[in-house]
Amino acid sequence: MNKQTVIDLVLPRLKLIRTEMDYTQDQMADILGISKKTLVQLEKGRQELSWTVAVAICALFRESALLRSVLGDDPVELAEIAVHPEVHIRELATSGTVNWWTEIGQWQHYKLQQHTTGGHYRIIGEEDRRLFSTADREKALTEFKKYMDITS
């Protein structure tokens with residue numbers, strides 16, 4: 001997972017996200033801090049989406065059903081994974097839904113899951129709290145084994 005992958009997942013859906021949220025082009029451009037002309041060019045695929053605007057979309061429209069269907073329960077998580085090799089314990093609880101996640105392994109109350117479209121991994125603990133995220137399968141498996149050793 002890298003910045004370009006996130007950009008490539010967000011850009012073709014920009015107009016659909018705007019429509020889903022019921023914003024005009026003027027409103028959307030204002031929210032993202034770009035000109036309407038730039039937004040039009042982005043929506044038509046005539047201009048490359050910057051990393052900064054892609055992250056803004058992930059953060060500001062994280063509740064978008066369309067964005068979640070592509071990037072997971074928390075679109076910001078995918079942006080984090082694109083720039084950080086690993087993301088460890090977070091205090092935020094996940095939504096508990098597994099619509100976009102395939103369970104790879106389970107040990108006691110820990111689950112290792114892979115996002116069905118983004119391909120990234122997460123470890124979920126008690127109360128559906130995300131404990132770890134990465135795009136690297138081997139790192140995910142190694143970290144999951146650590147949780148198995150802790151509880152053995």
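## Salt bridges

A salt bridge here is a side-chain nitrogen of Lys or Arg within 4 Å of a carboxyl oxygen of Asp or Glu. In this predicted model, the side chains of D73 and R122 form such a pair, with an N to O distance of 3.5 Å.

A search of the whole structure finds 9 salt bridges.

## The pairs of R130

R130 meets D74 in a salt bridge at 3.8 Å, N to O. This pair also links distant parts of the chain: R130 belongs to strand β4 (residues 130-134), while D74 is in the loop between α6 and α7, 56 residues apart. R130 is buried, with a relative accessible area of 5%, and D74 is buried as well, at 14%.

R130 also forms a salt bridge with E80 (3.8 Å, N to O). Because R130 lies in strand β4 and E80 in helix α7, the pair ties together parts that are 50 residues apart in sequence. Through shared partners, salt bridges join R62, D74, E77, E80 and R130 into one network.

## Nonpolar cores

The largest nonpolar core has 24 residues, and V10, L32, L49, I57 and L71 have the most contacts inside it. Elements giving two or more residues to this core include α1 (3-10), α5 (51-60) and α7 (75-83). A second, separate core of 9 residues includes L112, Y121, F132 and F144.

Leaving aside residues up to four places away in sequence, L71 touches L9, V10, C58, L78, H115 and H120.

Conventions: Residues numbered from 1 in each chain as written. Predicted model: local features only at pLDDT ≥ 70, side-chain atom pairs only at ≥ 80, totals over all residues. Heavy atoms only, no water. Core = buried A, V, L, I, M, F, W, Y, C linked by side-chain atoms within 4.5 Å. Buried < 20%, exposed > 50% of the residue type's maximum accessible area, 1.4 Å probe, protein only. Helix = DSSP H or I, 4+ residues; strand = E, 2+ residues; numbered from the N terminus. Contact = heavy atoms within 4.5 Å.
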